[in-house]
Structures are given as structure tokens and as C-alpha cells.
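Dear colleague,

I am passing on the structure below, and would be glad if you could look through it alongside the notes that follow.

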Amino acid sequence: MSLDIDHIGIAVRSLDEAKKFWVGQLGLKVARVEEVPEQKVRVAILENGIELLEPTSPDSPVAKFIEKRGEGLHHLTLQTSQLAGRLKALKDAGVNLIDEKPRIGAGGAGIAFLHPKSAHGVLVELCEPHATD
């Protein structure tokens with residue numbers, strides 16, 4: 001089971017303001033924007049693997065992150081197959097998991113987070129892309 005970089009999540013207060021830099025200044029293209037109610041975020045997915053995360057509620061994890069640390073790098077996402085099996089193997093190996101079972105993220109992907117304490121201070125998200133027809 002290989003792990004490839006899927007995307008990098010960046011916490012922002014406002015998608016519109018963030019896009020002024022990422023799209024307006026750097027010329028990156030937005031692939032899509034969607035809301036993920038379970039995560040309490042609006043997400044702008046850029047074509048190059050950057051994901052901008054805007055909280056939709058003051059109690060969302062992203063809002064709490066911004067309050068504590070400010071805008072910036074939020075997480076690194078690695079793509080995997082067999083996410084549930086990967087989580088079990090990591091737990092059995094003593095890795096501290098935030099999510100012991102996959103949940104649904106942007107684009108319908110299965111996602112789960114590993115605690116930063118187990119990854120040298122980096123919030124790691126594992127994702128298994130949603131199968132398309």
C-alpha cells in the first residue's frame with residue numbers, strides 16, 4: 001500500500017481573500033469549490049493540489065486552528081487505498097489516531113486524520129478517493 005501526496009490543506013479566514021493571492025497573483029486555477037458540512041468548512045480545491053479551507057462555523061476545527069495559530073498550513077494529505085486497513089495497522093503500531101474509522105470528506109473521499117503528536121507536529125490526513133462511475 002503506497003502513500004502518495006494528494007494535497008496540502010491551508011486554513012484561511014476567507015476563500016475570497018485567499019484566492020486574491022493564490023489565483024489572482026500566482027495564476028493558479030480553481031478546480032471546484034464545495035462545502036463539507038461534516039467538517040464545517042468551505043473548500044476551494046486548486047488544480048495543483050492545494051486546498052484552501054474556510055471555516056463555516058466558529059466551532060469548526062479549522063476555525064479553532066486559525067484562532068490558535070493563525071492562517072497557514074493546516075495539514076498534509078496522503079492518498080492511500082484500503083484506508084480502513086491502513087488505520088488499523090497504524091493503530092496496532094501505536095500511532096495516535098484522531099479518526100479510528102474513515103469518514104467522508106471533500107469530493108466524497110474517505111478520510112481520516114492522524115494526531116500531530118505521532119507525526120512530529122504535522123496533522124496528517126489519509127484519504128481514499130471516492131470511486132467515480
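On the surface, Ile5, Ile8 and Leu73 form a nonpolar patch with about 310 Å² of accessible area together. Patches are made of residues with over 30% relative accessible area and no salt bridge, with nonpolar side chains joined within 5 Å and like charges within 9 Å; a salt bridge is a side-chain nitrogen of Lys or Arg within 4 Å of a carboxyl oxygen of Asp or Glu. Areas come from the Shrake-Rupley method with a 1.4 Å probe, and for residues only the protein chains shown count as cover.

This is a predicted model, in which local features need pLDDT of at least 70 and side-chain atom pairs count only at pLDDT 80 or more, while totals for chains, interfaces and linings use all residues. Residues are numbered from 1 along each chain as its sequence is written, and side-chain values use heavy atoms, leaving out hydrogens and water.

Ser60, by contrast, is buried at 0%, and is found in the loop between strand S4 (50–55) and helix H2 (61–69). Beyond its neighbours within four places in sequence, Ser60 is in contact (heavy atoms within 4.5 Å) with Gln39, Lys40 and Pro55.

With kind regards

How values were computed:
Helix = DSSP H or I, 4+ residues; strand = E, 2+ residues; numbered from the N terminus. Buried < 20%, exposed > 50% of the residue type's maximum accessible area, 1.4 Å probe, protein only.
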